[in-house]
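Please examine the sequence and the structure shown here.

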Amino acid sequence: MRCVVANWKMNLLYADASNFCTEFAKHYTPAEDVRVAIAPPTVLLWTIHSQLRERGITTFAQNGHFEPKGAFTGELSMAQIRDAGCSGVILGHSERRQMFGETNEALVKKVHAAQERKLLPLLCIGETMAEREREQTFSVLQTQLSVLKGASRGPIWVAYEPVWAIGTGRTADTYQIGEAHAFIREELRVILGEQGGSVPILYGGSVAPQNFEQILSVPEVAGGLVGGASLDPMAFAQMVKIAQS
Ligand code: PEP
């Protein structure tokens, strides 16, 4: 199975999202072996869910809180995310780690809360350029993956996103992707046992129609988490098609 996930971050308005759905639907043919999800800003979740659900497209939230309810102004519970039609939630994106102080400790609770509400956690991990230069890539990935230690046996996806490749137009090369994904696979086996062998590991970081085929050819790459290029319905449909081929 392959997975292609769009992360729209804080982009697009209602009219843009609606146009996206119309255009994307024209160019998209579902295929059984490729799961497609869109993670729009929260206010657009319903727009995407209502317009693309029948085409087999699922929606993910970009973040969620671990508490079930209460006085947490500006936050969304996993139950609310589920209630809005989502089947998954992106957790630990590097922008949340770097700009909003997301910690591995909080992520342990978020993974647990998502699974309790039957939401698929898509855990993002990745090193900064400074960490890569200090040869800490594997230890960073190991620490970030350790949040899965108490996870239940429900579905989990992981995205390897080197921070220096996000939104920079600079992708990791196939060797770098290959060694990171192989390391992640081994760690997942250690942490999750048998299930760790089948958790899809996506690559993210300046994925585009021009480089996606090559990235998908790397062993252990099960798909892509796509930021900027996913805002263009034609480009996103093209990347889905590449994953289907
Ligand atoms: C992302 O936001 O997860 C991402 C990979 O962004 P981009 O594709 O723009 O680098």
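Helix H9 (residues 209–216) packs with helix H10 (residues 233–244) at an angle of about 20 degrees, and their axes are 9 Å apart. Helices here are DSSP runs of H or I with at least four residues, numbered from the N terminus; axes are lines fitted to C-alpha atoms over the stretch in contact, and angles run from 0 to 180 degrees between N-to-C directions. H9 and H10 are therefore roughly parallel to each other, a term that applies to angles under 35 degrees.

This is a predicted model, in which local features need pLDDT of at least 70 and side-chain atom pairs count only at pLDDT 80 or more, while totals for chains, interfaces and linings use all residues. Residues are numbered from 1 along each chain as its sequence is written, and side-chain values use heavy atoms, with hydrogens and water left out.

Where do H9 and H10 meet? Pro209, Phe212, Glu213 and Leu216 of H9 are in contact with Ala235, Gln238, Met239, Ile242 and Ala243 of H10, contact being heavy atoms within 4.5 Å.

H10 also packs with helix H1 (residues 14–27), at an angle of about 35 degrees and with the axes 9 Å apart. Here Phe20, Glu23, Phe24 and His27 in H1 meet residues of H10 that include Pro233, Met234 and Phe236.

Turning to the ligand, 14 residues surround it, and Lys9, Glu161, Gly167, Ser206 and Gly227 are the closest; a residue is counted if one of its heavy atoms lies within 4 Å. An oxygen atom of the ligand lies 2.6 Å from an N or O atom in the side chain of Glu161. A polar backbone atom of Gly227 is 2.8 Å from an oxygen atom of the ligand.

Technical notes. Helices (H or I, at least four residues) and strands (E, at least two) are DSSP runs, numbered from the N terminus. Angles under 35 degrees count as roughly parallel, over 145 as roughly antiparallel, 65 to 115 as roughly perpendicular and the rest as oblique. A polar contact is a pair of N or O atoms within 3.5 Å; within protein, one must be able to donate a hydrogen and the other to accept it, and residues adjacent in sequence count only if both atoms are side-chain atoms.
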